[in-house]
Amino acid sequence: MEGTSLLLWGILFGAIGMGFVSYARKQKAVMPLLSGIALFVFPYFVSNVYLLVLTGIAIMALPYFVRI
């Protein structure tokens, strides 16, 4: 069951990352671009569901607090 959860959360964060990248390309903004790429990549390296969700939420909140 944990493998299924990891897969679904990874797909969700990848889709949100795609939205961040497309927004960053339109606005020519660096921080959403980096966050989007991070949302694509980090699910491959995290094997705990709770850590995956917490890290994903933190990366999604990062562009709101850090303005580059």
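Reply: A nonpolar patch is made of residues with over 30% relative accessible area and no salt bridge, whose nonpolar side chains are joined within 5 Å. Please note that the model is a predicted one.

Me: Which residues form the nonpolar patch on the surface here?

Reply: The patch consists of Met18, Leu33, Ile37, Phe40, Val41, Tyr44 and Phe45, and their accessible area together is about 770 Å².

Me: And which helix gives the most to it?

Reply: That is H2, with four residues.

Me: Where is Phe45, and is it buried or exposed?

Reply: Phe45 lies in the loop between H2 and H3. Its relative accessible area is 70% and the cut-off for exposed is over 50%, so Phe45 counts as exposed.

Me: What about Val46, buried or exposed?

Reply: Val46 is also placed in the loop between H2 and H3. Its relative accessible area is 17%, and because buried means under 20%, Val46 is classed as buried.

Me: What is Val46 in contact with, leaving aside its neighbours within four places in sequence?

Reply: On that basis, Val46 has contacts with Leu6, Leu51 and Leu52.

Me: Which residues of H1 are buried, and what covers them?

Reply: The buried residues in H1 are Gly10, Phe13, Gly14, Gly17, Phe20, Val21 and Ala24. Their cover includes H2 and H3.

Me: Why does Gly10 count as buried?

Reply: Gly10 has a relative accessible area of 17%, and the limit for buried is under 20%, which is why it is placed in that class. Not counting residues up to four places away in sequence, Gly10 touches Pro43 and Leu52. Gly10 and Phe40 are 30 residues apart in sequence, yet their C-alpha atoms are 8.1 Å apart in space.

Me: What happens to the backbone just after H1?

Reply: There, Lys28 takes a positive phi of about 55°, although Lys28 is not a glycine. Most residues other than glycine have a negative phi. Lys28 belongs to the loop between H1 and H2, and at 73% relative accessibility it is exposed.

Me: Moving on to H2, is Ser35 buried or exposed?

Reply: Ser35, a residue of helix H2, is buried, with a relative accessible area of 1%. Leaving aside its neighbours within four places in sequence, Ser35 is in contact with Phe20, Ile59, Leu62 and Pro63.

Me: Finally, how far does H3 reach?

Reply: H3 covers residues 49-65, and its 17 residues reach 25 Å from first C-alpha to last, close to the expected 24 Å. At the start of H3, a side-chain oxygen of Asn48 comes to within 3.3 Å of the backbone nitrogen of Tyr50.

Me: Which residues of H3 are buried, and what do they pack against?

Reply: Val49, Leu52, Val53, Gly56, Ile59 and Pro63 are buried in H3. The buried residues of H3 pack against helix H1 (2-27) and helix H2 (30-41).

Note on methods
Residues numbered from 1 in each chain as written. Predicted model: local features only at pLDDT ≥ 70, side-chain atom pairs only at ≥ 80, totals over all residues. Heavy atoms only, no water. Helix = DSSP H or I, 4+ residues; strand = E, 2+ residues; numbered from the N terminus. Expected span 1.5 Å × (residues − 1). Buried < 20%, exposed > 50% of the residue type's maximum accessible area, 1.4 Å probe, protein only. Contact = heavy atoms within 4.5 Å. Polar contact = N/O pair within 3.5 Å; in protein donor to acceptor, adjacent residues only side chain to side chain. Patch = residues over 30% accessible without salt bridge, like charges linked within 9 Å, V, L, I, M, F, W, Y side chains within 5 Å. Areas by Shrake-Rupley, 256 points an atom, 1.4 Å probe, with all protein chains shown as cover. Salt bridge = Lys/Arg side-chain N within 4 Å of Asp/Glu carboxyl O.
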